[in-house]
Amino acid sequence: PDVFAAVAPNFPEDRHGFVIDVSEFDDRDTGFLQLATQRIDQVLRPLQEKRLEGQPAHHISVFAFGPIPLLAYLGACLSDKLHVEFFQFHRDTKTWCWKGAGEQVRYKFQLRRQGSDRTKVAILLSLSGTVRLEHLPPEIGADFNLYELTLEGQNPNPMFLNTRADLIGFRRAYLEALGALERDHPPIDVIHLIPAVPYATLMLAGILHLLMI
């Protein structure tokens with residue numbers, strides 16, 4: 001019922017959809033990510049096969065909870081070649097329905113710290129919370145240029161993403177950020193992503209990274 005309410009006036013083709021359940025795998029196991037990504041590939045294979053056969057799904061609605069790396073991977077697997085809409089669970093209303101109104105979120109992209117190697121870049125996504133430099137993994141050293149995409153006019157918080165327009169605004173801001181990095185730091189082989197974000201924006205980021213390849 002929650003899904004049907006969120007996608008209205010659209011209606012799912014069937015009541016089952018595609019369920020990607022990785023709860024049977026132990027996330028403390030070193031092989032967890034490999035097993036979980038294989039499960040994602042397995043469940044999504046029928047969608048990909050239909051697309052290759054010239055029968056792509058007209059619309060895909062995604063409702064997801066899960067570990068950050070898996071959600072980014074899920075977004076990348078869906079790609080921009082499918083019409084995909086991501087939904088966010090709202091803590092205040094306890095629903096997946098996008099809110100119809102509200103002041104639109106504004107984003108800003110800024111340099112947090114200049115590094116000694118112009119080819120090493122990391123993006124801090126400080127949206128639902130602030131990514132603190134002292135908590136970065138040791139691999140992200142002083143040679144990295146650290147950029148931050150965050151909220152403008154309000155502190156990062158888990159309640160900021162309320163409307164479809166907020167998610168569309170993130171898409172625009174993130175693509176502009178990737179374009180600026182591609183312009184200012186050539187050549188970049190890898191962009192490291194350190195996210196504190198809602199799940200919907202994370203999956204969208206997985207798709208957008210593919211557009212820059």
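Trainee: Which residue forms a salt bridge with R106, with the closest N and O atoms 3.8 Å apart?

Mentor: Keep in mind that this is a predicted model. Side chains of opposite charge can pair when their charged atoms come close. A salt bridge needs a nitrogen and a carboxyl oxygen within 4 Å, and at 3.8 Å the partner of R106 is E152.

Trainee: How many residues apart in sequence are the parts that R106 and E152 tie together?

Mentor: R106 is partly exposed, at 43% relative accessibility, and E152 is partly exposed too, at 35%. R106 sits in strand β3 (residues 106-113) and E152 in strand β5 (residues 145-152), so their pair ties together parts separated in sequence by 46 residues.

Trainee: Where do D143 and K120 lie, given that they tie together parts 23 residues apart?

Mentor: Their side chains meet in a salt bridge with an N to O distance of 2.6 Å. D143 is in the loop between β4 (121-126) and β5, while K120 is in the loop between β3 and β4.

Trainee: And how many salt bridges does the structure hold?

Mentor: Another one to look at joins D92 and K99, whose closest N and O atoms are 2.5 Å apart. D92 is partly exposed, with a relative accessible area of 43%, and K99 is partly exposed at 23%. For the structure, the number of salt bridges is eight.

Trainee: Let's turn to the rings. Is the pair of Y107 and F170 stacked or edge-to-face?

Mentor: The count of aromatic pairs comes to 11. In the pair of Y107 and F170, the ring centres are 6.2 Å apart and the planes stand at 65°; angles over 60 degrees get this label, so the pair is edge-to-face.

Trainee: Which helix holds F170, in the pair that links distant parts of the chain?

Mentor: Y107 belongs to strand β3, and F170 is 63 residues away from it. Both of these residues are buried. The helix that holds F170 is α4 (residues 164-184).

Trainee: Which residue forms a stacked aromatic pair with F170?

Mentor: The ring centres are 5.4 Å apart, with 20° between the planes. Both residues lie in helix α4, four residues apart, about one turn of the helix, and both are buried. The partner of F170 is Y174.

Trainee: Is β4 enclosed by the rest of the structure, or exposed?

Mentor: V121, I123 and L125 point one way from β4, whereas A122, L124 and S126 point the other way, and all are buried. Six of the six residues of β4 are buried, so the strand is largely enclosed.

Trainee: Which residue of β6 is the bridge partner of L124?

Mentor: β4 runs parallel to β5, with six bridges joining them, and there I123 has Y147 as its bridge partner. β4 also pairs in the parallel sense with strand β6 (residues 191-196), over six bridges. In β6, the partner of L124 is I194.

Trainee: How many nonpolar residues are in the lining of the largest pocket?

Mentor: The largest pocket has a volume of about 1,400 Å³. Its lining has 39 residues, with G17, F18, S61, V62 and F63 nearest the centre. α1 (2-7), α2 (32-52), β1 (60-63) and α3 (68-78) each supply at least two residues of that lining. Eight of the lining residues are polar, five are charged, and the nonpolar count is 26.

How values were computed:
Residues numbered from 1 in each chain as written. Predicted model: local features only at pLDDT ≥ 70, side-chain atom pairs only at ≥ 80, totals over all residues. Heavy atoms only, no water. Buried < 20%, exposed > 50% of the residue type's maximum accessible area, 1.4 Å probe, protein only. Phe/Tyr/Trp six-rings, centres within 6.5 Å; stacked < 30°, edge-to-face > 60°. 1 Å grid on protein atoms, 1.4 Å probe; cavity = no way out; pocket = protein on both sides within 12 Å on 5 of 7 lines; lining within 4 Å. Points joined across faces, edges and corners; volume = space filled by probe spheres on them. Nonpolar A, V, L, I, M, F, W, Y, C, P; charged D, E, K, R; others polar. Pairing = 2+ DSSP bridges.
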